Amino acid sequence: MTTPQPPAGPASGDRVPQYVYGVVRADAELPGEVAGLDDRPVSLVRAGGACAALVSDLPADRPLGERADLVAHQRVLNALVDAGTVVLPFRFGAALADRDAVEKELLAGNSERLGQVLDGLDGRIELRLKATYVQDEVLGEIMAAEPEIAELSRRLREVPPDAADAVYYDRIRLGELIAQAMERRRERDGQVLLEAAAPAAEAFARKTPAREEDVLDASFLVRADRRDRFEQAVQELGRAHGDRIRIRLIGPLPPYDFVPEA
């Protein structure tokens, strides 16, 4: 599979390049009319094996990468997840030369392996937990617990505006100290949240926080029949830490984080 550029000339019939959203079981049905890239209809390509590929015609007049393309990719996969269909999602950008290539290159030689991945995802959903600090609360904790930071902050507040240049490096130092203190708390608090939520899931994937105030960003593979138990664990975390950490649960999502890279 590649991320192709549009073909040089027009294609027709079965030779139209195909965009691949993911793979489902061969007996799966699409949940009504599902629109893909450029609102083109999504269909299933079957090759006589255990799996089928979710595809639509690849736009031929432009390269992929617009925000609308990413939204369409996610929309197709979300429609399957919402319908309760087990789906093996592909990363954005997967395409093959035509429907024949989908059958022969993707499905025919990989049916058994793809079926095993689908078996591992069957009856399971991905839920994503995001936790973010309440900035004022955590900064207050840092000032109370770190005398060096509190003293430096106090001294800088007393500096008159016309002397700000003289304490330029002190301000940099204060920022560094606060960032280091925040990192120590993030590692500790993130681990506490993870250890509390993980027992209610079958697996988890922890992501690197994108922002300084992010405490935890992790995806969990949860049995659908145990979703209530997982959500209850997250609610308990919210009650226990809500004064200083905001917790959000997102999903169900296509299980990107639990698909083998190969």
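Where does Asp-39 lie? Asp-39 is in the loop between β1 and β2. The legends below describe close-up views of a predicted model.

**View 1. The loop between β1 and β2 at Asp-38 and Asp-39.** The loop that contains Asp-38 runs between β1 and β2, the latter covering residues 43-46. Phi of Asp-38 is positive, near 50°, in a residue other than glycine. Asp-39 is not a glycine either, and its phi is positive at about 60°. Most residues other than glycine have a negative phi. Asp-38 has a relative accessible area of 40% and is partly exposed. Asp-39, at 60%, is exposed.

**View 2. Strand β1 and the strands paired with it.** Strand β1 spans residues 18-25, and seven of its eight residues are buried, so the strand is largely enclosed by the rest of the structure. Strand β3 (residues 51-57) runs antiparallel to β1 and is joined to it by seven bridges. Within this pairing, Gln-18 has Asp-57 of β3 as its bridge partner. Strand β4 (residues 87-89) also pairs with β1 in the antiparallel sense, over three bridges, and Leu-88 of β4 stands opposite Val-23. Strand β5 (residues 95-96) is antiparallel to β1 and joined to it by two bridges. Ala-95 of β5 is the bridge partner of Tyr-19. Strands of a sheet pair through backbone hydrogen bonds, either parallel or antiparallel.

**View 3. The open sheet of four strands, β7-β8-β6-β9.** The pairing in this sheet is antiparallel. The edges are formed by β7 (203-206) and β9 (245-253); each has a single partner strand, so one side of each is left without a neighbour in the sheet. On average, neighbouring strands are turned by 20° against each other, direction ignored. Nine bridges join β6 to β8 in the antiparallel sense, and Ile-125 stands opposite Val-222 in β8.

**View 4. Helices α6 and α7 on the sheet.** Helix α6 lies across β6, β7, β8 and β9, and runs at about 15° to β8. Helix α7 packs on the sheet as well, where it touches β6, β8 and β9; the direction of α7 makes about 165° with that of β9.

**View 5. The contact of α6 with α7.** Helix α6 covers residues 168-197 and helix α7 residues 227-241; they pack at an angle of about 150°, with their axes 9 Å apart. The crossing of α6 and α7 is right-handed. From α6, the residues in this contact are Val-192, Leu-193, Ala-196 and Ala-197; from α7, they are Phe-230, Ala-233, Leu-237 and His-241. Seven of the contact residues are nonpolar, one is polar and none is charged.

**View 6. The largest nonpolar core, with Phe-220 and Phe-230.** The core has 31 residues, of which Phe-220 and Phe-230 touch the most other members. At least two core residues come from each of β6 (124-133), α4 (135-145), α5 (147-157), α6, β8 (214-223) and α7. Helix α6 gives the largest share, eight residues. Beyond its neighbours within four places in sequence, Phe-230 is in contact with Leu-127, Ala-197, Ala-200, Ala-201, Phe-220, Val-222 and Leu-249. Another core, of 23 residues, lies apart from this one; among its members are Val-45, Leu-96, Leu-106 and Phe-258.

**View 7. Asp-189 in helix α6.** Is Asp-189 buried or exposed? Asp-189 has a relative accessible area of 7%, below the 20% cut-off, so the residue counts as buried. Neighbours within four places in sequence left aside, Asp-189 is in contact with Tyr-133, Val-215, Arg-244 and Ile-245.

**View 8. The peptide bond from Gly-251 to Pro-252.** This bond is cis, with omega near 5°. Pro-252 is found in strand β9. Most peptide bonds are trans.

**View 9. Glu-151 in helix α5.** Glu-151 is partly exposed, with 35% relative accessibility. Glu-66 is 85 residues from Glu-151 along the chain, and the C-alpha atoms of the two residues are separated by 49 Å.

How values were computed:
Residues numbered from 1 in each chain as written. Predicted model: local features only at pLDDT ≥ 70, side-chain atom pairs only at ≥ 80, totals over all residues. Heavy atoms only, no water. Buried < 20%, exposed > 50% of the residue type's maximum accessible area, 1.4 Å probe, protein only. Pairing = 2+ DSSP bridges. Axes fitted to C-alpha atoms, helices over the stretch in contact; angles between N-to-C directions. Left-handed = near helix turned anticlockwise from the far one by under 90°. Contact = heavy atoms within 4.5 Å. Nonpolar A, V, L, I, M, F, W, Y, C, P; charged D, E, K, R; others polar. Core = buried A, V, L, I, M, F, W, Y, C linked by side-chain atoms within 4.5 Å.
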